[in-house]
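These are my notebook entries on one structure. I set down what I looked up, topic by topic.

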Amino acid sequence: MASSSSFCPSRFSLTSAHPRAISSHLSFKLNSSKVFFPLKNGSLKLRNAPPLTLQALSAREPKAAVVTKDTWDKLILNNNTPVLVEFYASWCGPCRMVHRIIDEIAGAYAGRLTCFVLNTDNDLPIAEDYEIKAVPVVLLFKNGQKQESVVGTMPKDFYIAAIERVLKS
């Protein structure tokens, strides 16, 4: 029974790979049926083969900037343009889906809306100030005041509708 390979972009690890699946992507021939993946600093070692380095080919640059409790007043409350803030946690699966949507929105509304993300595990006081009890939550601010909120993972249209209401107000 052949094993399948899996790639986890958040950890850059390759596990359970069948040697034939790997050898088809290498410029040299594997002489061993055992493959080892020590996963230190993103490098791979194959028995009887030179070391390889993994590169994340599908990683994308996030368009929403990170905001912290130290930069909150300057970036959110004193911003002249409307602001969207996604409250998330690194362990939250649904937050990853919302990240993608917020990045798309940040690109589409560049110049009219500034998008940020805030990790609630690292900046709990800000989350408590806005009574964030669960993640993901998206808050929209205009002139330093909270205008709209979207709680939970919603379709992109929900976020766009809230943004449009804030932009028109």
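I looked up arginine 165 and found that it forms a salt bridge with glutamate 148, the closest N and O atoms being 3.0 Å apart. Arginine 165 lies in helix 5 and glutamate 148 in strand 10, so the pair ties together parts that are 17 residues apart in sequence. I took a salt bridge to be a side-chain nitrogen of Lys or Arg within 4 Å of a carboxyl oxygen of Asp or Glu. Arginine 165 counts as partly exposed because its relative accessibility is 45%. For burial I used relative accessible area: buried is under 20%, exposed is over 50%, and partly exposed is in between (1.4 Å probe, protein chains only).

I note the basis of these entries: this is a predicted model, in which local features need pLDDT of at least 70 and side-chain atom pairs count only at pLDDT 80 or more, while totals for chains, interfaces and linings use all residues. Residues are numbered from 1 along each chain as its sequence is written, and side-chain values use heavy atoms, with hydrogens and water left out.

How many salt bridges does a search of the whole structure find? I recorded two. One of them is a contact between the side chains of lysine 156 and glutamate 104 (3.0 Å, N to O). This pair links distant parts of the chain, 52 residues apart, with lysine 156 in helix 5 (residues 156-168) and glutamate 104 in helix 3. Lysine 156 is partly exposed, with a relative accessible area of 31%. Glutamate 104 is also partly exposed, at 42%.

Next I turned to the secondary structure. I counted five helices and 10 strands in the protein chain. Helices (H or I, at least four residues) and strands (E, at least two) are DSSP runs, numbered from the N terminus.

Five strands form an open sheet of mixed pairing, in the order 6-8-7-9-10. Its edge strands, strand 6 (65-66) and strand 10 (145-151), each pair on one side only. Two strands pair if DSSP finds at least two bridges between them. Strand 7 (residues 83-88) and strand 8 (residues 114-119) run parallel and are joined by six bridges. Within that pairing, valine 83 stands opposite threonine 114 of strand 8.

Which strands does helix 3 lie across? I found helix 3 (residues 93-108) across strand 7, strand 8 and strand 9 (137-142), at about 165° to strand 7. Axes are lines fitted to C-alpha atoms, for helices over the stretch in contact (heavy atoms within 4.5 Å), and angles run from 0 to 180 degrees between N-to-C directions.

I then checked the cysteines. The structure holds one disulfide, which joins cysteine 92 to cysteine 95 (S to S 2.5 Å); the cut-off is a pair of cysteine sulfur atoms within 2.5 Å. The torsion about this S-S bond is about 80°, so the disulfide is right-handed. Cysteine 92 and cysteine 95 are both buried. Cysteine 115 also counts as buried, at 5% relative accessibility.

Last, I examined the largest nonpolar core, in which Trp72, Val85 and Phe87 touch the most other members among 37 residues. Such a core is a set of buried Ala, Val, Leu, Ile, Met, Phe, Trp, Tyr and Cys residues joined through side-chain atoms within 4.5 Å. Helix 3 gives the largest share, six residues. Beyond its neighbours within four places in sequence, tryptophan 72 contacts residues including Val67, Leu118 and Phe141.
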